[in-house]
Amino acid sequence: MKVAFVGATRGMGRALARALAERGDSVFLLGRDAAELALSARDLEARGPRAPVGHAPLDLGRPAGFAAALDAADRGLGGLDALVVTGGAFGRQEDLAADPARLAALLEVNFTGTVVLCQQAAARLAARGGGLVCAFSSVAGDRARRSNYLYGASKAGLSVFLDGLDLAYRERGVRVLCVKPGFVRTAMTAGLPVPPFAGEPEAVAAAVVRAMDGGRHQLYAPGIWRWIMLVIRALPRAVLRRVQF
Amino acid sequence: MTELPLEEVTGWGRHPVGRGRVDRSDGPGLPAGEDPLVVRGLGRAYGDAAMPAASGGLVVDRTRADRILGFDGDTGRLTCEAGLGLADVLRVFVPRGWFPPVTPGTKFVTVGACVACDVHGKNHHRDGSFGNFLERLVLVTADGRRVECGPARERELFLATVGGMGLTGLIVEVTLKLRRVESPWIVLETVGVDGLETMLAGLKRSADDWPYTVGWIDCLARGREVGRGVLMRGRHATAMEAAGRRRPRGLPLSVPVDAPEWLLNPLFMRWFNYLYYRLHGGTLRRRLVTHERFFYPLDAVGQWNRLYGRRGLLQYQCVLPRAAGAAPLVAILDRLGAAGAASFLAVIKDCGPASDAYLSFPMEGTTLALDLAYRGAPTEALIHELNTVVIAHGGRVYLAKDAVTRPEDFARMMPRLAEWRAVRDRWDPGHRFRSAQSVRLLGDRA
């Protein structure tokens, strides 16, 4: 695979980019911080057989730059056939509720930016016969919780978009994979109380690679979250109102 | 930054148990503020080396800073962030024919910890400790500066950092030389030995021809059989020897809960040790094993420390100078046998010359390592007794394992402690880097 990758510098993205690079896929990094991108590119070069690993600027909050970023990835990879987006913003409910500017920025990055980028990439891939779009949503988008609904809303919108994108583009050769991680121990979740069934980024990455190769359109990771969310989605509203959850 | 939650923090031995606020960010510098802090890697130090000085203290976990910054495929020179795990180094580089120059008995340690503990391995008699293969370190010191050091640059800081238990600064980058190997396989020879003298002679005899040697001792054998065990020696297999070999797929095993304390009764331990001796002792056998099997047998069992029950274990590792001969080792093993202090196997290994690093553990002589189930004051008293033997013969204990040694005993074990203190004081006069261990052994403020 030739993968344009947004979010490879940290957390699950770092683990996934490594898993891809180590098995021989070509990766091209897109992101905001050029110094961080360069460090991660060197890491991937050392780990995988494909060197050099290129990178170019992309800010999920600025859709105007997406076309140029995809062009750069296309050139760097000699024609990309997959886009992976693990990058996104996170904020605690209380911080987002108290700071409208921060909330707007989070919605912009997690929803607007990611949607526009994936849509653009899907159109490109379809035009050349097909490919894969894989983006990380979250279990937080499956059902609203009072403690996390602002972040959850951005991911709920993204999940619906990815579902639709898969419906619309599969017959044109573009597969869409929506990854819904449960709680995973990364720098993003550092400092949060760790719930049961927390996962590790490397295990999530391995599962995502398998799903990227297979034909699924949705993946819960760790896998147990599929069943947890089945239960949570089925909870009556009266129960959700009562529990501090 | 929101307040970090309090967590339970212990060493791998799970005794003592403390609490700390663990900063797991992946940023390059120190946490803001002036709070004292302890640097922690993957938590495999047995004792209190990576526990906060005071309850609720700040613990800096930089295992997310784990990027490879450069690798030279001609020379094996690897530069990485210090949080990179040895397991990752093995996974990435063994298939390409490179191996860590020195490895401890677990791969679940960071490269930074290998520096901070100046770890040694089965090749110490030939290659010395981890510090011998370092070309360059980058530290963030107490004042927040990035400082580069190495064998020829800021040499004193380098010598104080290698084996310095993370007390000179946060190690952020490491450059080391990997070793070329032809295959991921190890040619292993095992032979039973009937006593300590035979074991020591066997280690000595094997040292010339074998890069890796180690002995496993049945430490419940008494009298004439003291030191009875299995001598193991290994070397990297050549490509020809390893041709066609496929890596076996091991089942992931894990100890799901704390074992009950009655499990480790003396009878069971005696039986286990005896069985091991029967199984692996006897006449010389030669076979090919994976490097995981040879170097990291315990890594195959997740959370094996739970076998020692809820109260945990103390690991005791000492080294005795060659000149002391076998007598102190016999005394230690006798004492353990008499105490019926349950231990699975004891590990014995001959060491080569000591390193120049001030607090480095190994010295020319023999090292002995064993697990003791923690049973309160009697276990601690036993260790103090063993320490007395060690001090009387000019030996010392390994800080990566230690949880109970007294400060006055430690000072007697470490002839270069004053030199180390002077360098540390120069770089960290306020002792911002401190640990439960440095409070206990060095008199740092809690």
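Select B:H124 first: it lies in helix α3 of chain B, residues 124-127, where helices are DSSP runs of H or I at least four residues long, and strands runs of E at least two long, numbered from the N terminus. Before going on, note that this is a predicted model, in which local features need pLDDT of at least 70, side-chain atom pairs count only at pLDDT 80 or more, and totals for chains, interfaces and linings use all residues. Residues are numbered from 1 along each chain as its sequence is written, while chains are lettered from A and ligands numbered from 1 in the order in which they are written.

Staying on B:H124, is this residue buried or exposed? B:H124 is buried, with 27 other C-beta atoms within 10 Å; the label buried needs 20 or more such atoms, exposed 12 or fewer, and partly exposed lies in between, with C-beta atoms placed from the backbone. Next show B:S129, B:K349, B:C351, B:G352 and B:P362, which are in contact with B:H124 when neighbours within four places in sequence are left aside, contact being C-beta atoms, placed from the backbone, within 7 Å.

Now move to chain A, which has nine helices and seven strands, and select helix α5 (residues 100-127) with helix α6 (residues 149-169), whose axes are 9 Å apart at an angle of about 10 degrees. Axes here are lines fitted to C-alpha atoms over the stretch in contact, with angles from 0 to 180 degrees between N-to-C directions. Among the residues making this contact are A:L103 and A:F111 of α5(A), and A:L150 and A:F161 of α6(A).

Technical notes:
Two residues are in contact if their C-beta atoms, placed from the backbone, lie within 7 Å.
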